[in-house]
Amino acid sequence: MPSIRATLDDLLNRPDMPLSTLLDRDFSPNYRQRTNGHWDDLSGFRETLIKLQQG
């Protein structure tokens, strides 16, 4: 499994790699993230990443 730094770099800077491949490789289907008091599941995290990738 890659380091956190490598994972984040891939998620934000590797448009040649399908996002689903990266998420399946590095994140549990049960992944949850809390940001500013708001919880997101893996699907919500994916949506955020898509927005970040689009700039």
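**Ground rules.** I am working on a predicted model, where local features need pLDDT of at least 70, side-chain atom pairs count only at pLDDT 80 or more, and totals for chains, interfaces and linings use all residues. I number residues from 1 along each chain as its sequence is written, and side-chain values use heavy atoms, with hydrogens and water left out.

I take helices (H or I, at least four residues) and strands (E, at least two) as DSSP runs, numbered from the N terminus. I call a residue buried under 20% relative accessible area, exposed over 50% and partly exposed in between, with a 1.4 Å probe and protein chains only. Contact means heavy atoms within 4.5 Å.

**Helix α2.** I listed the buried residues of α2 as Leu-19, Leu-22, Leu-23 and Asp-26. They cover an arc of only 95° around the axis, so they sit on the same side of α2. The arc is that of the directions from the helix axis to the C-beta atoms.

**Helix α1.** Here I found Thr-7, Asp-10 and Leu-11 buried. Their arc is only 95° around the axis, which puts them on the same side of α1. I noted that what covers them includes α2 and α3.

**Thr-7 and Asp-26.** I then looked at one residue from each of these helices. Thr-7 has its place in helix α1, and Asp-26 in helix α2. Thr-7 counts as buried because its relative accessibility is 8%. Asp-26 has a relative accessible area of 10%, so Asp-26 is buried.

What joins the side chains of Thr-7 and Asp-26? I found a polar contact of 3.5 Å. A polar contact is a pair of N or O atoms within 3.5 Å; within protein, one must be able to donate a hydrogen and the other to accept it, and residues adjacent in sequence count only if both atoms are side-chain atoms.

Leaving out residues up to four places away in sequence, I found Thr-7 touching Pro-2, Asp-26 and Phe-27. With its neighbours within four places set aside, Asp-26 is in contact with Met-1, Pro-2 and Thr-7. I also checked Thr-7 against Leu-22: they are 15 residues apart along the chain, and their C-alpha atoms are separated by 7.9 Å.

**Helix α3.** I checked the length of α3 (residues 42-54). At 1.5 Å a residue, its 13 residues should span 18 Å, and its end C-alpha atoms are 18 Å apart, which agrees. The expected span is 1.5 Å times one less than the number of residues.

Which residues of α3 are buried? I wrote down Leu-42, Gly-44, Phe-45 and Leu-49. Seen down the axis, the buried residues of α3 fall within an arc of 155°, so they line one face of the helix. Their cover includes α1 (4-13), α2 (19-26), β1 (32-35) and β2 (38-41). On the face turned away from the buried side I found the exposed residues Lys-51 and Gln-54.

I looked at both ends of α3. At its start, a side-chain oxygen of Asp-41 reaches to within 3.2 Å of the backbone nitrogen of Ser-43. After α3 comes Gly-55, with a positive phi near 80°.

**Aromatic rings.** How many aromatic pairs does a search of the whole structure find? I got three. Phe-27 and Phe-45 form a tilted pair, 5.2 Å centre to centre, with 55° between the planes. This pair links distant parts of the chain, with Phe-27 in the loop between α2 and β1 and Phe-45 in helix α3, 18 residues apart. Rings of Phe, Tyr and Trp (its six-membered ring) pair if their centres lie within 6.5 Å; planes under 30 degrees apart count as stacked, over 60 as edge-to-face and the rest as tilted.

Phe-27 is buried, with a relative accessible area of 16%. Phe-45 is buried too, at 8%. I also noted Tyr-31 and Phe-45 as a tilted pair, 5.0 Å centre to centre and 45° between the planes. Tyr-31 lies in the loop between α2 and β1 and Phe-45 in helix α3, so the pair ties together parts 14 residues apart in sequence. Ring pairs link Phe-27, Tyr-31 and Phe-45 into a cluster.

**A charge over a ring.** My last entry is on Arg-32, whose charged end sits over the ring of Trp-39, 4.4 Å from its centre. The rule is that NZ of Lys or CZ of Arg is within 6 Å of the ring centre and within 35 degrees of the ring normal.
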